[in-house]
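Hi,

Here is the structure I said I would pass on.

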Amino acid sequence: MDAPIDSTENTEQTAGGAPDHRPPTPLGKPLSRSDIQSEKNLAEFLVQMDNYAPIIPEALTDYYLAQAGFECSDVRIKRLLALATQKFISDVASDAFQYNRIRQQASREKKFHNKDRKTVLSMEDLTAALSEYGVNIKKPEYFS
């Protein structure tokens, strides 16, 4: 005959003395309420990633992940990385645009006022924006 199952075997006592029925973590300790909420938020986010199509094509994401040696069969993780890349590119472009506006304002104060100028992404603005993120770009020297 099997031994009776002790229902309190994997539960700990709370401060009030009642058994703690929260799910255990891999280390055996129960999860806190904030941990449980974080797990629920992560699960909801991953479900949303199933329906999300990032701007960066999946083939491009797969190519660069393979070049980096990253192997993952979960499409949601690949989409999450594509989303993070999209956010990074968006932030850099926004910062470069701000640098361009600052540079144009400075040149307008020195010279004449020209409203018909188009905004162009220059290497100078892009270099300044990327330097904020720790990416240093230097123009190669020209050899004739």
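The accessible surface of the protein comes to about 12,200 Å², and 56% of that belongs to carbon and sulfur atoms. Bear in mind while you look around that this is a predicted model.

First, the overall layout. The protein has four helices and two strands, and along the sequence they come in the order β-β-α-α-α-α. Of its 144 residues, 13% count as buried. If you take the contacts with a separation of 6 or more, 46% of them are between residues 24 or more positions apart.

The average pLDDT is 79, and 73% of the residues score at least 70. Confidence is highest in helix 2 (residues 58-67), with a mean of 94, and lowest in strand 1 (residues 12-13), with a mean of 50. Over residues 3-12 the pLDDT is below 50, and that stretch has nine contacts in the model beyond near neighbours in sequence.

Now for the charged residues. The count comes to seven salt bridges, and I'll go through a few.

Start with D125, which sits in helix 4 (residues 123-131). Is D125 buried or exposed? It is buried, because its relative accessible area is 3% and the cut-off for buried is under 20%. Apart from neighbours within four places in sequence, D125 is in contact with A96, Y99, N100, R103 and V120. With one of these, R103, its side chain forms a salt bridge, 2.8 Å from N to O. D125 lies in helix 4 and R103 in helix 3, so the pair ties together parts that are 22 residues apart in sequence. R103 itself is partly exposed, with a relative accessible area of 31%.

Another salt bridge joins K78 and D62, with the closest N and O atoms 3.4 Å apart. This pair also links distant parts of the chain, as K78 is in helix 3 and D62 in helix 2, 16 residues apart. Both count as partly exposed: K78 has 22% relative accessibility and D62 has 32%.

Then there is D74 with R76, where the closest N and O atoms are 3.2 Å apart. D74 is partly exposed at 26% relative accessibility, and R76 is partly exposed at 24%. Together with D50, these two are linked in a network of salt bridges.

On to the rings. The structure holds two aromatic pairs. Y63 counts as partly exposed at 44% relative accessibility, whereas Y64 is exposed at 51%; the cut-off for exposed is over 50%, so the two residues fall on either side of it.

F88 and Y133 also form an edge-to-face pair, 5.4 Å centre to centre and 75 degrees between the planes. Since F88 lies in helix 3 (residues 75-110) and Y133 in the segment after helix 4, the pair ties together parts that are 45 residues apart in sequence. F88 is partly exposed, with a relative accessible area of 36%, and Y133 is partly exposed at 36% too.

V135 is in the segment after helix 4 and is partly exposed, with a relative accessible area of 34%.

Cheers

Terms used:
Residues numbered from 1 in each chain as written. Predicted model: local features only at pLDDT ≥ 70, side-chain atom pairs only at ≥ 80, totals over all residues. Heavy atoms only, no water. Buried < 20%, exposed > 50% of the residue type's maximum accessible area, 1.4 Å probe, protein only. Contact = heavy atoms within 4.5 Å. Areas by Shrake-Rupley, 256 points an atom, 1.4 Å probe, with all protein chains shown as cover. pLDDT = per-residue confidence, 0-100. Phe/Tyr/Trp six-rings, centres within 6.5 Å; stacked < 30°, edge-to-face > 60°. Salt bridge = Lys/Arg side-chain N within 4 Å of Asp/Glu carboxyl O.
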